[in-house]
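Welcome! Take a moment to turn the model around before reading on.

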Amino acid sequence: QPQLVESGGGLVQPGGSLRLSCAASGFTLYTVGWFRQAPGKEREGISCISSDRSTQYADSVKGRFTISRDNIENVIYLQMNSLKPEDTAVYYCATGSLWISLNPAHFRSWGQGTQVTVAS
């Protein structure tokens, strides 16, 4: 059974940093997106990376978050800097999209999510 596993979430103060990881077992990662969902809000696409390392970012995280990939280890990273309280959410990685996208409907396989809380 192919699986995606996110890790790296936690509690951080405003202005701090976290690095999330998305690891796959059972299949090779191609286009991968990072999404987040805060309580009472819709799931939001925040970044995506293709197999050739093309990237896309939501305006809300542009300049603060960086997506990258290690194709040897089959891991996708999301480096999050200058975190704000409004970044608090469960963060998910997903794959299965045929193209680079921030639309959750384009992705078929999802991880279980990792909680990120930004508070002082």
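The report below goes from the whole chain to a single residue.

## The fold at a glance

What you see is a predicted model. The protein chain contains zero helices and 11 strands, so its elements, read from the N terminus, run β-β-β-β-β-β-β-β-β-β-β.

## Size and packing

Along the principal axes, the C-alpha atoms fill a box of roughly 40 × 25 × 25 Å. For 120 residues, a compact globule would have a radius of gyration near 14 Å, and the 13 Å of the protein chain agrees with that.

Of the 120 residues in the protein chain, 45% are buried.

## A closer look at serine 47

Now find strand β5, which covers residues 44–49 and holds serine 47. Is serine 47 buried or exposed? Serine 47 is buried, because its relative accessible area is 0%, and the cut-off for buried is under 20%.

A polar atom of the serine 47 side chain lies 3.2 Å from the backbone oxygen of glutamine 56. Leaving aside neighbours within four places in sequence, serine 47 is in contact with Val32, Gly33, Trp34, Gln56, Tyr57, Ile67, Leu78 and Leu102.

Technical notes:
Residues are numbered from 1 along each chain as its sequence is written. This is a predicted model: local features need pLDDT of at least 70, side-chain atom pairs count only at pLDDT 80 or more; totals for chains, interfaces and linings use all residues. Side-chain values use heavy atoms; hydrogens and water are left out. Helices (H or I, at least four residues) and strands (E, at least two) are DSSP runs, numbered from the N terminus. The radius of gyration is taken over C-alpha atoms; the globule rule is 2.2 Å times the number of residues to the power 0.38. Buried means under 20% relative accessible area, exposed over 50%, partly exposed in between (1.4 Å probe, protein chains only). A polar contact is a pair of N or O atoms within 3.5 Å; within protein, one must be able to donate a hydrogen and the other to accept it, and residues adjacent in sequence count only if both atoms are side-chain atoms. Contact means heavy atoms within 4.5 Å.
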